[in-house]
Amino acid sequence: MEMSKKGSRLSKGLIYFLLTVWAVVVLFPFYWMILTSLKDFRVYNTEYIPRFFTANPTLQNYSDAFTSVPLGRYLLNTVIFTAATTGLMMVVIVPAAYAFARLEFKGRNLVFALFLSLMMIPAELVIITNYVTIVNWNMRNTYLGMILPSVTSIFYIYLLKENFEAIPDELYSAAKVDGTSDLKYLLKVMVPISQPTIVTIVILKVIECWNSYVWPRLITYDPNYFLVSNGIQEIRENGFGKENIPAMMAAVVVISIPLIVLFLFFRKKIMAGVSRGGTKG
Amino acid sequence: MKKNLKAWLYLLPAILFLGVFMVYPLVDVCVYSLEENYNFARQSFTGVGLGNFHHVLSDPYFVQALKNTFLIVIITVPLSTGLSLLIALGLSSIKPLKNLYQTVFFLPYVTNTLAVGLVFMILFKNTEYSQAMVNLLITRLGGTGVDFIEGPYWAKMFVMCFYTIWVVMPFKILILTSALASVNQDYYKAARVDGASSGRIFWKITLPMISPTVFYLIITGFIGAFKAYSDEVALFGTNLNAAGMNTIVGYVYDMLYGDSGGFPGYAAAAALILFAIVFTITYINLTMSRNKVQYM
């Protein structure tokens, strides 16, 4: 008994050690970007061997990030894109989920099965035609062109439908007896009851929108419409001059902060939501 | 009848969007792939056949992209899955600080891969006047530094895989940790009463119990890794062909857009080849998992 206790303490120690190693691997890039963003440009350039601390932190890089490249513009574009896409998506998926969950109609199961089978289609396959479509509609360098292809998500329809179905039928019958219309019932009863799931969906979609890169890049070449991902790539290739790494890092910090704050506020929700069916990318 | 109509009305927006941006493109991409010498400006083509596939498969850039993608898949999927399992096992056997570790490990999931990729580039890149942080570590350990961003192929592949693993780990750790938490504790108690060693408990109880989750992660891991693209751009810039680090998805976009773009036919053929590969691998994975996984 004594032996195994000692052994388990040793293995506990080893476990903590290994977990800490991975925590360092995860956190170090964040530390490095914040550190570098606070270094004075001249000091940074004199460090052939990069230092792990800086004696004179400066916020100059942050003001550079907003004045010498249009970082504010990129952030604003991303906020508009994220809000509009997420909002429009809710308008599309909530009624669809309601139809599948509560309304009786011919072919319901067939249509739902068709929806589910579309979930297997990779975005890479349809993006080619979507690109041509948006070009033909003269929607390059517009918000609409960026938003339209990403306002439906079959997975979220599925998630909401499951949630709606869990709400007792009696409520629906009672509402029908009272003469409540379907739309009113959906908005006044179903949506409030399903609020936790809806919030999760909104958060996951916001994360996805904030980080989206491929489609906005295809559809915009005017920097006035760049989102942060595309903006950071533009900054890297043509921004401050290739050498001003501290200012670049300041931009990276600014771009990263909103989602990290969101994550710290909604940690449990986000992690529960992702484990229910999020994927990366 | 009225009821039917109302339901379709509720479904209309979703069907409209899916039709225009998913079903129609799916048919259209097959058409594109068969139209030879498609001209974007005139929207005309010279013939119908497999010419696009032939062109793509004999394009050295595509062959390079194919090779890179397969290397990324073969290296990152087993490594990230194994490492996540190890970390999830560690997480589920501790109590103090567990939440803190979990939060930290999940952080990369909510970061912008393009932005953090830039940080990785700086950590791994040598310039004339500054040395990469990572090389500092390597020389300290007695090795010789190397430029991981513009240096030899293996070095670029290394940083590529390292970053990919860093990005995909949070999801896998999260899923595995919750799978481990849902294993019925009675099995462990019974095994301990029987005096089973912890190694034996892992192989005979834990792993079989979470095997559906592990296979789910392997399957989605394969699919995700085959679609690698943004992480590459983050590290090596938008001209991936020049860096020799292009991927299949990168090739598709290059054919569509940018300096080398304007060939939707080639893009469609490459995308369909990718789809065929992913479909085959997923099918093999599913067949294998049906034989191996124990559903309780």
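Predicted model: local features only at pLDDT ≥ 70, side-chain atom pairs only at ≥ 80, totals over all residues.
**A loop in chain A**

- Asn138(A) has a phi near 55 degrees, which is a positive value in a residue other than glycine.
- As background, most residues other than glycine have a negative phi.
- Which other residue lies in the loop between helix 6 and helix 7 of chain A? Asn141(A) does, and its phi is near 55 degrees, again a positive value in a residue other than glycine.
- Asn141(A) is partly exposed, because 15 other C-beta atoms lie within 10 Å, and that count falls between the limits of 12 or fewer for exposed and 20 or more for buried.

**Where chain A meets chain B**

- How many residues does each chain bring to the contact? Chain A brings 71 residues and chain B brings 74 residues.
- On the side of chain B that touches chain A, helix 1 (residues 2-34) of chain B gives the most, with 19 residues.
- That side of chain B is made up of 55 nonpolar residues, 15 polar ones and four charged ones.

**Helix 4 of chain A against helix 1 of chain B**

- The axes of helix 4 (residues 71-102) of chain A and helix 1 of chain B come within 8 Å, crossing at roughly 135 degrees.
- These two helices, helix 4 of chain A and helix 1 of chain B, are therefore oblique to each other, and their crossing is left-handed.
- From helix 4 of chain A, the residues in this contact are Val91(A), Val92(A), Ile93(A), Pro95(A), Ala96(A), Tyr98(A) and Ala99(A).
- Helix 1 of chain B meets them with Ala7(B), Tyr10(B), Leu11(B), Pro13(B), Ala14(B) and Phe17(B).
- Sorted by class, the contact of helix 4 of chain A with helix 1 of chain B has 13 nonpolar residues, no polar ones and no charged ones.

**Helix 6 of chain A against helix 1 of chain B**

- Helix 6 (residues 123-136) of chain A also has an axis that comes within 8 Å of the axis of helix 1 of chain B, and here the crossing is at roughly 90 degrees.
- Helix 6 of chain A and helix 1 of chain B are therefore roughly perpendicular to each other.
- Among the residues making this contact are Leu125(A), Val126(A) and Ile128(A) from helix 6 of chain A, and Phe21(B), Met22(B), Tyr24(B) and Asp28(B) from helix 1 of chain B.
- By class, the contact of helix 6 of chain A with helix 1 of chain B has 10 nonpolar, two polar and one charged residues.

**Chain B as a whole**

- Chain B has 13 helices and two strands.
- Along the principal axes, the C-alpha atoms of chain B fill a box of roughly 75 × 75 × 35 Å.
- Of the 296 residues in chain B, 43% are buried.
- Among the contacts in chain B with a separation of 6 or more, 66% are between residues 24 or more positions apart.

**Inside chain B**

- In helix 4 (residues 98-106) of chain B, Tyr101(B), Phe105(B) and Phe106(B) are buried.
- The axes of helix 5 (residues 113-124) and helix 7 (residues 153-181) of chain B come within 11 Å and cross at roughly 140 degrees, which makes helix 5 of chain B oblique to helix 7 of chain B.
- The crossing of helix 5 and helix 7 of chain B is right-handed.
- In this pair, Thr113(B), Gly117(B), Phe120(B) and Phe124(B) of helix 5 of chain B meet Val159(B), Tyr163(B) and Val167(B) of helix 7 of chain B.
- The contact of helix 5 with helix 7 of chain B has five nonpolar, two polar and no charged residues.

Terms used. Residues numbered from 1 in each chain as written. Chains lettered and ligands numbered in written order. Contact = placed C-beta atoms within 7 Å. Helix = DSSP H or I, 4+ residues; strand = E, 2+ residues; numbered from the N terminus. Nonpolar A, V, L, I, M, F, W, Y, C, P; charged D, E, K, R; others polar. Axes fitted to C-alpha atoms, helices over the stretch in contact; angles between N-to-C directions. Parallel < 35°, antiparallel > 145°, perpendicular 65-115°, else oblique. Left-handed = near helix turned anticlockwise from the far one by under 90°.
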